[in-house]
Amino acid sequence: MHIVALQGRGDLLEWRDAARRLFVAGLAPEQLDWRIAGEGGLFGAQPLPPLPATRPAPRVPRAFLDIAETVVCHADAGRFALLYRLLFRLQDDGTLLSMAADVDVAAAWRMTKAVRRDCHKMTAFVRFREAPEGARRRFVAWFEPDHHIVARTAPFFARRFADMDWMILTPKGSAALDDGALTISDAPAAKPDLEDPTDALWLTYYASIFNPARLKVKAMQSEMPRKYWRNLPEAALIPDLIAGAPARVAAMAQQQAHIPPVFHDRIQARRAWDQRDVSPPPGTMAALREAARSCTRCPLHCAATQTVFGEGPDSAALMIVGEQPGDREDLAGRPFVGPAGDVFDRSISEAGIDRAAIYVTNAVKHFKHEPRGKRRLHKTPDAGEIEHCRWWLDQEIALVKPKLVVAMGATALFALTGEKGRLSDLRGQRLRLEGGRELLVTVHPAYLLRLPDAERAAAETAGFRADLAEARRRLAQLRETPIAPPVPAWMEPAPGGA
Amino acid sequence: MPRSLRERLAILSDAAKYDASCASSGTVKRDSASGGLGSTEGSGICHAYAPDGRCISLLKILLTNFCVYDCAYCINRSSSNVERARFTPEEVVWLTLEFYRRNYIEGLFLSSGIVRSSDHTMEQMVRVARDLRTTHGFNGYIHLKTIPEASPALIEEAGRYADRLSINIELPTDAGIAAFAPEKRPDGIRRAMAGVRLHIEDAAEPTLRTKTRRRFAPAGQSTQMIIGADGASDATILAASARLYGGYRLKRVYYSAFSPIPDASAQLPPVKPPLLREHRLYQADWLYRFYGFSIEEVTASGADGMLDLDIDPKLAWALAHRGRFPVDVNAAPREMLLRVPGFGTRTVDAVIASRRHRRLRLDDLARLRVPLRKARPYIVAEGWTPVRLLDRSDLAALVAPQARQLSLL
């Protein structure tokens, strides 16, 4: 049995050098007795006796070095033997580390976790107290970690507190930043006397942020175990806060409702004045838009962000009607600003139409969708929803009085005419709406986006553009001729129609 | 006599404590290597815990608790006789920096009562964030509460300096908001959340010229719902959460058990906060976000849309779907392993990694920290088949936690 004594202050190199020599000398885990220098009758790290090399150096995966770097920081006396055992076993089975259920691997993970947790708690529970100033502000902290983690954790403090000088003292070493230079020592430090008047503000905050009606002492202790309390200034308040909580809750329960303070009445009066009726005059587009904002005619408003009303000049000659707002439109509150809106914008501009001169709206004004995972998937509105929303569309047409309306897609066609026919049967025809207004029918731009076949999509997009170009030509003609007198049946072809 | 800073700190942190949000994680990495003070490194740090079990990560305060709104559930509503105070933006900046230097906190969570106008209030909050970032080179975490009615330019600026923005919806239904927070406009809240999502997504696109990404609230947005103030069921609450996650890509929905407040409104009799219910809602929320459950699946088994308080929602689902079990830990796909009671996401990862090398037995699972008493009836492992257990009618009693989880209260 060989005794191997190490300083054991969290330095991987120390263990690695020893382990490599022992391994090369052909020593098996059970032949070694790993010790900490200064413990169990040992006075210091004893140099290993010269050992003859009997085999090549061990090979380990990168992941092992990461684990070893952490495990050597653990305070457990068995850590060196465990690492050597893993090193030994890894030579036969390179995949050993991915077996989380293996006894040694599980033990190593447990230690890794403990060290990481200790590091995390150090970043959380170190409390700096300000010391008399030099050229830079200077702070000192005392902390008692479970493991040898000062060197591991010091860079965190250096990254965070770069513009001040600081020193963290612990029984397992210390770290200091002086004018930007980080120094680390593994020698035990003594507890300094620290005081800082700002602690009083912190204690005030700690006591005030605590809610006595939600006492959960166990939850607190599992995250902030008692062993840390003696170095946390705020922990001194804990017993009184706990003891006083029931009385504070009881006092709240018994309190009678007070008469509101004077300023409450003043605020209420001013609010009434602010909220006096300032709605736009009825019969205008502004009034219609305002009324639509709070529409609850169908349940679609429950799941949507907002009403997406039509957009464009109040007296546009051309009105284009789509289906319903999509995800982006629902968020932005404007029609045709999403992916289909991009296709739409491109196509109308290629067809020579200025979007700013036309009125663009949808048959249904709220986004209908269903959740698919965490996305909102478009869902086609049903006849009832279209029916409810038609009221708004009719009002828009009545106020804008367009000479030509273009219905994009079956939903728009149904909303405008009540017709559920096939789009392709009516495309290219000049139809008539009630009131004598002319109607053209085309596809919805979202349909173009859904076509998987590139060639077909290109052809359909060209067709869409041609329909829009036809709308522009027809609009120019209609501008020169007055609107024909009302014709009762919408299906009757307009004069000169195809 | 004017109140001291310490007295006002007491009032304005007491006024802020009913906001459950405390996260300081999920933002971009920053440090002060090239100047300034502070860093953020992925996961946030809880610097202390109060005896209410909540973590203290940020300096959570109000700029002022004067408020022109009269929301029934709120300690700062205009009709409450709570003591009022205000900080100047400079005082908040000083407190944040001095607390930060002593490693008490990760950063600032600033909220405010609404004084004068929404824009005036938002402007003051943005000023604090701007001063911290630009004048003092502060690289720590900043969470700003957003006022829905504030002008888009102010929200834009807030997103430039803050890591996270949040707008509290407070109640799951528009009707609830109308009844308890008459001055709040639910559609305005939704529009503001939609605006923040659009800003975040636009900022993620590299700009055409410089190819750099602008910064806008890199830790995303969150919200809070108060539990138990109105009559909303868990199903209603969770459906609202799903809409918020789906619609506005929220990072978190916080659930805050309604807690009695001093000088409470007569509308809300003081009751013990439903902490266990809050806990179950968080569990259900987790199942939705990380375990592939839909909200309907989670809430279907409970009566009147309420989650079972005695057993966690995953166990409730498993008991209602015994036909889907037992699950073979050595063969089942990830989605199904995630549905086994007692299996967390990390356990599932470890099971999948380990079973590539050998067939797993119960003691292997024990080493992976699986609570076997809970999971055993639902799994098949090497040398273990639970058939009889699954058929027992008293299975719920067998696997339910033995001491009812009253410790949570």
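Let's start with strand β8 of chain B, residues 252-257. This is a predicted model, so keep that in mind throughout. Is β8(B) enclosed or open? Enclosed, largely, by the rest of the structure, because 6 of its 6 residues are buried. Buried here takes 20 or more other C-beta atoms within 10 Å of the residue's own.

Now look at the two faces. In a regular strand, side chains alternate between the two faces of the sheet. On one side of β8(B) sit B:Arg252, B:Tyr254 and B:Ser256.

Next, the neighbour. Which strand pairs with β8(B)? That is β7 of chain B, residues 221-227. The two run parallel, joined by 6 bridges. For a reference point in the viewer, take B:Ile226, which stands opposite B:Ser256 in β8(B).

Zoom out to the whole of chain B. We count 16 helices and 10 strands. Of its 409 residues, 54% are buried. The radius of gyration is 24 Å. A compact globule of 409 residues would come out near 22 Å, so the two agree. Along the principal axes, the C-alpha atoms fill a box of roughly 75 × 55 × 40 Å.

What about contacts along the sequence? Take those in chain B with a separation of 6 or more. Residues 24 or more positions apart account for 67% of them.

Domains. The assignment for chain B gives two entries: domain 1 covers 5-253, and domain 2 covers 313-406. Their C-alpha centres lie 39 Å apart.

Last topic: the contact between chains A and B. How many residues does each chain put in? Chain A gives 66 residues, and chain B gives 66 residues. On the chain A side, several elements supply at least two residues each. Among them are α4 (103-125), α5 (150-160), α8 (238-254) and one strand, β11 (375-378). Which element gives the most? α6(A), with 9 residues. By type, the chain A side divides into 40 nonpolar, 13 polar and 13 charged residues.

One remark on interface size. It is often given as the accessible area lost when the parts come together. What I quoted today for the contact is residues: 66 from chain A and 66 from chain B.

Technical notes. Residues numbered from 1 in each chain as written. Chains lettered and ligands numbered in written order. Predicted model: local features only at pLDDT ≥ 70, side-chain atom pairs only at ≥ 80, totals over all residues. Helix = DSSP H or I, 4+ residues; strand = E, 2+ residues; numbered from the N terminus. Rg over C-alpha atoms; globule rule 2.2 N^0.38 Å. Buried ≥ 20, exposed ≤ 12 C-beta atoms within 10 Å, placed from the backbone. Contact = placed C-beta atoms within 7 Å. Nonpolar A, V, L, I, M, F, W, Y, C, P; charged D, E, K, R; others polar. Domains from an automatic or database assignment. Pairing = 2+ DSSP bridges.
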